[in-house]
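Keep the sequence and the 3D view open while reading.

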Amino acid sequence: MINMKQIIIFSLLFNSLSSFTQKFSLDDFYSENTELSRKVDSIFKSLNDTTRIGQMIVPAIGRLGKKREHVYNLANKGWIGGILLLNGTMDEFINDVRVFDSISHNNNHLPLMFSADAEPTLVNRKILGSKKVPYTNTIEEFDSVAIVTNIISDDLIKIGINQNYAPVIDASPNKVVSNRSFGLNMDTVIRFSQSFITTTQSRNIVATAKHFPGHGYVNGDTHKQLIFIDGEMKEVENYIPLISDGLISIMVAHLAVKNNSNYNTNGLPATCSKRIVSDLLKDSLGFEGLIVTDALNMGAVANIENNGLMAALAGCDQLLMPIDEQKVLFSILNETTLNDMFKEQIYNSVKKIIRIKICIGKNFN
């Protein structure tokens with residue numbers, strides 16, 4: 001028969017074990033959680049500055065990405081923090097996640113975060129074999145958004161993808177985003193995007209609203225060249241309710257801003273502009289989540305010298321698809337030795353990434 005003393009001892013042991021094995025979710029990301037913050041600091045301290053900065057680097061594999069052997073080499077060194085799975089089959093990507101998880105584990109590196117462009121319009125082309133869903137612009141009923149998002153999330157979870165570069169919250173006039181947007185009525189775009197984000201993050205997948213500060217009312221394609229927002233940034237306000245609702249990630253576009261007294265980018269894309277990333281998105285809008293660049297090999301930014309370093313200086317946390325990952329990593333590392341404020345900013349970015357990895361349930365050695 002169990003006596004009171006045994007019950008007390010069992011209770012203490014159970015509480016101790018529960019604390020040790022505490023699980024977190026994306027709901028904890030913005031919380032004041034002492035245990036979570038302590039775990040982040042502990043993992044951060046286990047890294048050196050090279051592997052810390054490596055957490056910010058996100059190359060792509062797949063048909064439009066780097067050769068897998070190249071990314072294997074980066075992963076072996078601990079020089080990357082995530083991988084975009086870009087244009088391939090479900091089976092290929094399931095195997096990729098398995099292989100890269102093994103590389104990280106065997107080399108005692110932090111686990112990687114896997115991402116995809118799984119917008120309703122793009123997912124069936126980006127991930128062949130994924131369940132069929134309608135294009136974003138054809139989703140007309142609010143209740144349908146959560147249904148479509150759950151279908152997409154099911155496939156992402158099956159593959160092992162933890163971050164979805166969706167939804168597009170741009171308005172639809174620009175032809176690059178027209179069928180990828182929820183439409184021209186911004187009230188609808190916001191409501192539908194909120195549903196997409198909430199549903200995605202309830203599945204413990206990071207949702208990423210894009211393309212900040214707004215791609216809907218510009219002419220041109222940043223895949224090919226630098227294009228400009230002329231004057232007022234009409235779509236910035238769309239992010240405010242999403243940020244208030246707990247959006248965890250925002251992608252910044254390679255859009256320059258001109259004829260705007262507060263936020264001119266002086267010919268630079270927004271990704272490389274401290275005025276847009278830090279002054280506007282972080283300080284003015286109060287966004288404390290993860291800021292990811294659009295692909296750094298796109299035409300609008302590829303010709304800018306040290307664009308990865310410039311994006312980091314601007315305040316971006318994740319540097320997507322750099323042309324030369326090693327060059328970006330070591331240029332940032334060198335700058336941190338010269339600039340203590342920048343070093344502290346980089347440390348905050350890395351801790352943010354680690355915090356997200358803990359919250360999505362990544363296994364740490």
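## Ground rules

Contact here means heavy atoms within 4.5 Å. The model is predicted: local features need pLDDT of at least 70, side-chain atom pairs count only at pLDDT 80 or more, and totals for chains, interfaces and linings use all residues. Residues are numbered from 1 along each chain as its sequence is written, and side-chain values use heavy atoms, with hydrogens and water left out.

Helices (H or I, at least four residues) and strands (E, at least two) are DSSP runs, numbered from the N terminus. Buried means under 20% relative accessible area, exposed means over 50%, and partly exposed lies in between (1.4 Å probe, protein chains only).

## His211 and its surroundings

His211 sits in strand S8. Its relative accessibility is 5%, so His211 counts as buried. Leaving aside neighbours within four places in sequence, His211 is in contact with Val168, Asp170, Val177, Arg180, Tyr239, Met251, Ala253, Leu255 and Asp294.

With Asp170 there is also a side-chain to side-chain polar contact, at 2.7 Å. A polar contact is a pair of N or O atoms within 3.5 Å; within protein, one must be able to donate a hydrogen and the other to accept it, and residues adjacent in sequence count only if both atoms are side-chain atoms.

## The sheet

Seven strands form an open sheet with parallel pairing, in the order S2-S3-S5-S7-S8-S10-S12. S2 (60-61) and S12 stand at the edges with a single partner strand each, so one side of each has no neighbour in the sheet. Two strands pair if DSSP finds at least two bridges between them.

Ile250 has Ile291 as its bridge partner in S12. Strand S10 (residues 249-252) is covered on both faces: Ser249 and Met251 are buried on one side, Ile250 and Val252 on the other.

## Helix H8

Asn185 caps its N-terminal end, with a side-chain oxygen 3.0 Å from the backbone nitrogen of Asp187. After the helix comes Asn204, with a positive phi near 65 degrees.

The buried residues of H8 include Met186, Val189, Ile190, Phe192 and Phe196. Its buried residues pack against helix H7 (142-159), strand S7 (163-164), strand S8 (206-212) and helix H9 (239-244).

## Aromatic pairs

The whole structure holds seven aromatic pairs. Rings of Phe, Tyr and Trp (its six-membered ring) pair if their centres lie within 6.5 Å; planes under 30 degrees apart count as stacked, over 60 as edge-to-face and the rest as tilted. Tyr72 and Phe100 have ring centres 5.1 Å apart and planes at 45 degrees, so this pair is tilted. It links helix H4 (residues 68-77) to helix H5 (residues 90-106), 28 residues apart. Tyr72 is partly exposed at 24%, whereas Phe100 is buried at 0%.

Trp79 and Phe330 have centres 5.2 Å apart and planes at 80 degrees, so they are edge-to-face. Trp79 lies in the loop between H4 and S3, and Phe330 in helix H12 (residues 325-338), 251 residues apart. Phe142, Phe182 and Phe192 form one aromatic cluster.
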